[in-house]
Amino acid sequence: MEVKSRILEASEELFLKYGVKSITMDEIARHLAISKKTIYQFYQDKDEIVSLVIKQHLERNQESMCQAFASSDDAVDESLQAYERMKSIMANSNPSLLFDLKKYHPEAWKIYLHHKRHFILERITTNLERGINEGLFRSDIQVAVLSRLRLEQIQLGFDAQVFPVEQFNFMEVQTELLDHFLRGIVTDEGLKLLNQYKNK
């Protein structure tokens, strides 16, 4: 079981650093100093490894995000804390990761889409409702519309066709998109809090 776990850990490290497409089974084996045959004793193929890695990675991300939500003081703080967690998670990730999943690994892409359309959408929706109840977000916003807008905005920030990596830092893009989104929905009180948090 230790070897089986090490294979997933090493694969995740390589996928995050270099993207999924560029990493072969040979490179995973070489990284671990084991034979490719050993990997095939535990996993059917690269597709299976990618799917399991993505599933575990997203489960850990969910735990991290839930901690951020639980420790936040208000909806604005929650949004900023969630962003900081995402920033920390993505800091050492290759921007091509999502593109690689979508194009080359449909089963892993389905796992990501389920995470996106359920967990992330639910958290954004809950955050918007919390902000309205706290008087920090405008009461006239359409939560169902803006939660989906924010969901797609996050993914747009990682799209290298829209924001080429040689021209844009993808986390700086995410910062700008979040700031733009929040400024469009905050009340005067919410704006004061947003500026306070950003100036800390």
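## Helix packing and a buried serine

S79 counts as buried, because its relative accessibility is 10% (buried means under 20% relative accessible area, with a 1.4 Å probe and protein chains only). The structure is a predicted model, in which local features need pLDDT of at least 70, side-chain atom pairs count only at pLDDT 80 or more, and totals for chains, interfaces and linings use all residues. Residues are numbered from 1 along each chain as its sequence is written, and side-chain values use heavy atoms, with hydrogens and water left out.

S79 lies in helix α5 (residues 75-90); helices are DSSP runs (H or I, at least four residues) numbered from the N terminus. Leaving aside residues up to four places away in sequence, S79 touches N127, F137, L178 and L182, where contact means heavy atoms within 4.5 Å. The side chains of S79 and N127 form a polar contact at 3.0 Å (a pair of N or O atoms within 3.5 Å, one able to donate a hydrogen and the other to accept it).

| Pair | Angle | Axis distance |
|---|---|---|
| α5 and α10 (residues 188-199) | about 40° | 9 Å |
| α7 (residues 106-133) and α8 (residues 143-156) | roughly 130° | within 9 Å |

Axes are lines fitted to C-alpha atoms over the stretch in contact, and angles run from 0 to 180 degrees between N-to-C directions.

From α5, V76, D77 and L80 meet G190, L194 and Y197 of α10.

Conventions
Helix = DSSP H or I, 4+ residues; strand = E, 2+ residues; numbered from the N terminus. Buried < 20%, exposed > 50% of the residue type's maximum accessible area, 1.4 Å probe, protein only.
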